[in-house]
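Please consider the model shown here.

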Amino acid sequence: MFPIQTIDSYTNQHRLSLGLRPLLVGELYLTRKLKHPVYIFKDGTFYPVIASGTVPTKDQILILSKHQYREVYVSRADAEDIKKNLETALIKITRSLSVGNPMENGAKDIKLVSLHLSELYKNPHKDELLMTQYQSVQNLCKFLIEHKKYQPYLFQSLLSENFHFTLVQPMLSSLLLLSYLQSIHLFHDREIENLFLASYFKDLGFSMIPSGKFDLKTLTTRDQELFANHADYSFDLLDGRIPLSKNHLTMIKHHHFMNDKIKNYLVKDQTTEEAPEIMFGLESTLVSVFDIVVAMTSDRPYRKGMSLYQSMEVIKRMMADDYPQEFKALVIFFKQFFKN
Ligand SMILES: [Fe+2]
C-alpha cells in the first residue's frame, strides 16, 4: 500500500469534507499543478495521498487504480481546473487526430474520450457534453476504421490504464465490434460507424445509478433492478438527442437481451424460465456479444474475470446455432486480435 497520512481531528475531517469534490482517479492525468492535496476516503477518514504543488505521476495514479480507488477527492478549485483541462485536451486531440504520430494520437484520444465519459455520467442531461462526446466518438471511430493496424495496440493501451469499468467497457466493447465488423467484410464503413456509436452509447444509463453501487460486492434485489434498467435509461437519455436512427436506438434499449440466457446457462438452472425469444438480427447480436465478452473477461468487485477461452464457450452456446459462420469468424478474429 502507498504511504498515507491521516487527518485525524473530527473538526478538520468535517471541514475538509465540505470543501472536497469527488473525482475519478483517471481524471488526475489532467492535473497541471495541484493547488491542494488529493485525498482518498477510507473507513470514514480522509487521507492525503498526493501533495499540493505537485503534478500527479502516472505511477501514483496507477497505484490508486490498482487499489480499487474509483474516486479520489480534490478541492473545488482543482476539480474545476481538471474539468476545463479535460474538455480542452479532448477538443484539441479531436481536431488534430491526423496530425503527427497516429498511434500516439489514437492512444491519447481513446483515453481522453473515456475519461470525458465520466463528465457525461455526472451530467447526462447536458446537451453540450453529450455533443462533445458524440462528435469525439464519431471522429475517433473514423480514425479507427482508417487505422486498422493500430486497433489491438489502442485496445491494450486503454486496458492498461486500469480505469474503472464503467469508463472503459463502452469503448473496449465498441472497438472490438468495429474491428470484427471490418474483418468479416459484410458492412459498409457508414454502417460500422453507426453500430460503433450505438454500442458506445448503450450504457449511458449507468449515469442513473448512484456511483457507489458499482463497487458493491453484493447487490440487493432493488439494486439488481436498477442495473437491469440501465438499457431503458440509456434509450430515454438518448432518444431525440443524438443523430442515431430508431433502429440503432432500439438496439440500445435491448442490448442486454442475451444476458438472461447467459445467466441461466452459467448457473445451469434448468428450472428458470427461458428468456423470451424475441427475434434480434445479427447486428444486435454482435453488439451484445462484444459487450458480454468484455464484461465477462474483466474483473468486477464481486467476481474475477474469466479467460477469453471460457467466455467463448458461453458465447458459442448463445450464437452458434443462429449464426454459425459468424461465430467461426469470431473465433478467428479473436485469435488474430490477441495474437501478441
Ligand atoms: Fe449494458
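Contact means heavy atoms within 4.5 Å. The model is predicted.

Q: Which residues is Glu119 in contact with, leaving aside its neighbours within four places in sequence?
A: By that definition, Glu119 is in contact with Glu27, Lys83, Leu86 and Leu129. Glu119 itself is found in helix α4, residues 102-122.

Q: Why is Glu119 called buried?
A: Buried means under 20% relative accessible area. Glu119 has a relative accessible area of 5%, and is therefore buried.

Q: What makes the pairing of the side chains of Glu119 and Lys122 a polar contact?
A: A polar contact requires a pair of N or O atoms within 3.5 Å, one able to donate a hydrogen and the other to accept it. The side chains of Glu119 and Lys122 make such a contact at 3.1 Å.

Q: Why are α7 and α15 called roughly perpendicular?
A: Helix α7 (residues 165-184) and helix α15 (residues 324-337) pack at an angle of about 115 degrees, with their axes 10 Å apart. Angles of 65 to 115 degrees count as roughly perpendicular, and α7 and α15 are therefore described in this way. Their crossing is right-handed. The residues of this contact divide into 9 nonpolar, 2 polar and 1 charged.

Q: What makes α7 oblique to α13?
A: α7 and helix α13 (residues 282-296) pack at an angle of about 130 degrees, with their axes 9 Å apart. Roughly perpendicular covers 65 to 115 degrees and roughly antiparallel begins over 145, so α7 is oblique to α13. Residues making the contact include Leu176 and Tyr180 of α7 and Phe290 of α13.

How values were computed:
Residues are numbered from 1 along each chain as its sequence is written. This is a predicted model: local features need pLDDT of at least 70, side-chain atom pairs count only at pLDDT 80 or more; totals for chains, interfaces and linings use all residues. Side-chain values use heavy atoms; hydrogens and water are left out. Helices (H or I, at least four residues) and strands (E, at least two) are DSSP runs, numbered from the N terminus. Buried means under 20% relative accessible area, exposed over 50%, partly exposed in between (1.4 Å probe, protein chains only). Axes are lines fitted to C-alpha atoms, for helices over the stretch in contact, and angles run from 0 to 180 degrees between N-to-C directions. Angles under 35 degrees count as roughly parallel, over 145 as roughly antiparallel, 65 to 115 as roughly perpendicular and the rest as oblique. A crossing is left-handed if the near helix is turned anticlockwise from the far one by less than a right angle, and right-handed if clockwise. Ala, Val, Leu, Ile, Met, Phe, Trp, Tyr, Cys and Pro count as nonpolar, Asp, Glu, Lys and Arg as charged, and the others, Gly among them, as polar.
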